[in-house]
Every structure is written in structure tokens, then in C-alpha cells.
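This briefing covers the ligand sites of the structure shown below.

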Amino acid sequence: MKQPVDAIIHNIGQLVTLEGPPIPRRGVAMQALGIIEDAAVAMRGERIAAAGPEQDIVAAFEAPASETFDAERGVVLPGFVDPHTHVLFAGSRWHEFELRCQGRSYQEIAAAGGGIRSSVRAFRAATDETLKIQTRRRLDRMLGLGTTTVEAKSGYGLDTEQELRALRLIEELDKEHPVDLVPTFLGAHEFPDEYRSDRDGYVRLITEEMLPRVVAETKARFCDVFCEEGVFTAEQSRAILQTAHRLGLGLKLHADEFAPVGGSELAAELGAISADHLLEATEHGLLALQRGGVTAVLLPVTSFSLGKGRYAAARTMIQMEIPVALATDCNPGSSMTESVPLVLSMACLELGLSPAEALTAATVNAAHAIGLAGDRGRVAPGLRADLQVLDAPSYVSLAYHLGVSHVRWVFKNGRPVH
Ligand code: NIG
Ligand code: FE
């Protein structure tokens, strides 16, 4: 007697399971994808019931004919987890792109009142409905490129009510859209115009007013800070993150992107789950990440878009057994993309990752960077049935065949949604 299941994907040429424990992969372990050839996956409800060689699965399980999907020898892998985005924003900064193409730098544009602060003005002026319509389109594009879970930061509100609004909208979009959104509070993204000359006053507003309300009134799981020259100092970042930790939030940091002001060291000191960017991380900073077990979330499309001509020291990090994850950083200023496959291509061609390491970084390690490695980012019984079926002969195509989507179907919680 075959066991009934709700859906089966069969005739899979290459099933990428990333089998192993729910912990981040380090060093050479980033190469091990747990590939099964000639495979099938059975799903029950929102979860994976079984995955393995085609004959075993088809002999043991049966799904209704309408719920049996033929992968036509293509690749099946976990939906991507994108662990660092600013996907909730209003409008576009295409005019800044033109300036940057003429050689103006991101930081020059920011100092002249553009950059994050121009997105803050647009965010405050936009209605809830406009923000949701624009963000839904981005989430649709993400899903169409194989992403099923997205970390989403606030940080374009920069006052108490606007930051709470951002987190509420992220929560609503999470309910309404197949892509899962994991909310992060980033009230410390920039100093708003009102507090340019009272920076410590803004830090106090965050610790005394915003954070308690964020914890009481929203589902935010993490607190992040843009710890950077000209933005939040290491001291200010420490004050914010210590308060967030005391209130029960997980910690993340935008660290060492433009200048090494102690972000990596602070992430390790405070037990942050991730430190992100890290282009300018020093040897001292990397040793701190290594000792602290902090995951490095690398954002190569941001370096590329900013025309930096240099990238985070990914190979050194992997050699040091620092867990490495990848993300889009989707935002209107420094990385206007929804595409994890583009990130994979850049990771291979510019950071020197192998296609297998890059895939590990965008699945199991990315899930760990938002605290979800026990639930998704691999293919194994009991895990969430978030899967992508590719029209490609190998997972390597994701990085190698540039600039297109390889997705045939995306399954979210066991259902085909794209
Ligand atoms: O991660 N570095 C700070 N925040 C974003 C940029 C946001 C923006 O420019 O709107 C980043 O690159
Ligand atoms: Fe960012």
C-alpha cells in the first residue's frame, strides 16, 4: 500500500538537498550540496514528507494525478532565503544612478541630502497602499527568481510612528504574499533631518521610545544598525543593540562597509547572529567574527552597483571557517535588484566562491542568518516544502547562465505558487 501525500515532484535530474544538521556550513563543508540524481520529493501539507531516489519515493508514496509534477530531468533545490533586504520602500532613485554613472559617489550623494534621506522623504509621503503595491511587485519578482523567504528591514521611516508603520506593513505583506517576510527593525539606518544636529538625541529616541514600542507592538525579530563612518558610531550602535538584546530581539549589523569603525568587533562582542557587508573588515575584525561564531552576510551586488571595484574577502572568511551567507541587499540606492541568481553569479565571478559554496550561502547559511535553519533552506523530511524547480541541467546554471530566471515552478508551503 502506498502512503497518500498531497503532492509529488518526480523525474528530477538533480535534487540539491543540502542534507545535514540545521547549522551553518563552514569551510570545506560549504562544498557539500547533498545531491541526489534521479530523485523525487513528496510533500504533505506545508512540509516535505520524503525526498530521495525516484524509485524509492514513487514506490512508497502516491499523490493525486493533478498534484504530480514532472521536473523533466531539471534541478530541484530549496527556495532561496534572502537574509538582508530593504524591500519596503517608496519610488525609485534612478536619478542618483545617473549621477553615479557620471562618477559621483554614493556617499557624496548622501551628504548632499540624497541617498537614504531622499527615500525617507518618499516613504513618509507615500500611502500604505502605494507602499504595498510597489513592494508586492518586488516580492513577485523575487518569487519568480526562486526566493521564498526574505528578511525585510524598516529604516526609511526614522521616526517612531513611521518605523512602526513600516514593520506593520511588512507584517501585512507577509500575510498577503506567498513569500515569507522576516521583519527587522532598522530605526538606526540614518539620522533623520530633524536630528542632524542632535545625534545622541536620536539614539535616545530609539532606545527609550522606538525599541520598547517595536517589541510591544510588532513582530520584529531582529534589530539592525548602520554602524559606519558618518552614520552610527560603534558607541551609539552598542547602546541601541544592547537595549534591543535586553528587550529580546536578535542582533544584526551593517558593518565595515565603507570604513572599519569596529562593526565586526561589536557584532562579536554582542553575540549578533550576522554582520553584513564587511568590505573593509580588518584582520582583527575577522578574527572577532570567527571567535564569536557570527555569520558574514555578503552583498556583492552592492559593491558592484557602487562601482567599488573591490569585494569582501570571502575566501579568507571561508578559510577561517566563518559561516558565509549571501543576500541581495535589495534597496533603491546601493543595490536595486531582487535577484539572488545575480548575487550567485557575482559571488562566483568576483568573490571567488565555487557555485556549490554560493548555493550553500544562499540557502542553509542564509536561513541561519535569520534564525530559521531548523525550518528551511534544505530538503529533508519535516522541513518546510519551499522548493524551486529549474529548467536547467545543473545547479551551476544558476550562476553560470547569467541574467535570466531558470525557474519553472516555485513551491511555497507545498503549493505551486509560481
Ligand atoms: O545596505 N548601507 C545602508 N543601507 C543600504 C542602502 C540603503 C539605501 O541607499 O537606500 C545598504 O546598502
Ligand atoms: Fe543594507
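**Ligand sites in a predicted model**

Ligand 1 has 15 residues around it, and R93, Y106, Y156, H189 and S334 come nearest. The model is a predicted one. Ligand 2 is an iron ion, with H84, H86, H254 and D329 as its protein donors.

- The shell around ligand 1 is made up of four nonpolar, eight polar and three charged residues.

- The side chain of H189 places an N or O atom 2.8 Å from a nitrogen atom of ligand 1.
- The side chain of E257 has an N or O atom 3.2 Å from a nitrogen atom of ligand 1.
- An oxygen atom of ligand 1 lies 3.1 Å from a polar side-chain atom of H254.
- On its own, ligand 1 exposes 330 Å², and the protein buries 100% of that area.

**Iron site (ligand 2)**

- The donor atoms are NE2 of H84, NE2 of H86, NE2 of H254 and OD of D329, at 2.0 to 2.4 Å from the iron ion.
- Along the chain, these donors follow the spacing H-x1-H-x167-H-x74-D.
- H84 belongs to the loop between β8 (80-82) and α2 (94-101), and D329 to the loop between β15 (324-326) and α13 (340-349), so this pair ties together parts 245 residues apart in sequence.

Methods
Residues are numbered from 1 along each chain as its sequence is written. Chains are lettered from A and ligands numbered from 1 in the order in which they are written. This is a predicted model: local features need pLDDT of at least 70, side-chain atom pairs count only at pLDDT 80 or more; totals for chains, interfaces and linings use all residues. Side-chain values use heavy atoms; hydrogens and water are left out. A residue is near a molecule or strand if one of its heavy atoms lies within 4 Å of it. A polar contact is a pair of N or O atoms within 3.5 Å; within protein, one must be able to donate a hydrogen and the other to accept it, and residues adjacent in sequence count only if both atoms are side-chain atoms. Accessible areas come from the Shrake-Rupley method with a 1.4 Å probe; for residues, only the protein chains shown count as cover. Ala, Val, Leu, Ile, Met, Phe, Trp, Tyr, Cys and Pro count as nonpolar, Asp, Glu, Lys and Arg as charged, and the others, Gly among them, as polar. Donors are N, O and S atoms within 2.8 Å of the metal (3.2 Å for Na, K and Ca); water is not among the atoms, so sites may look incomplete. Helices (H or I, at least four residues) and strands (E, at least two) are DSSP runs, numbered from the N terminus.
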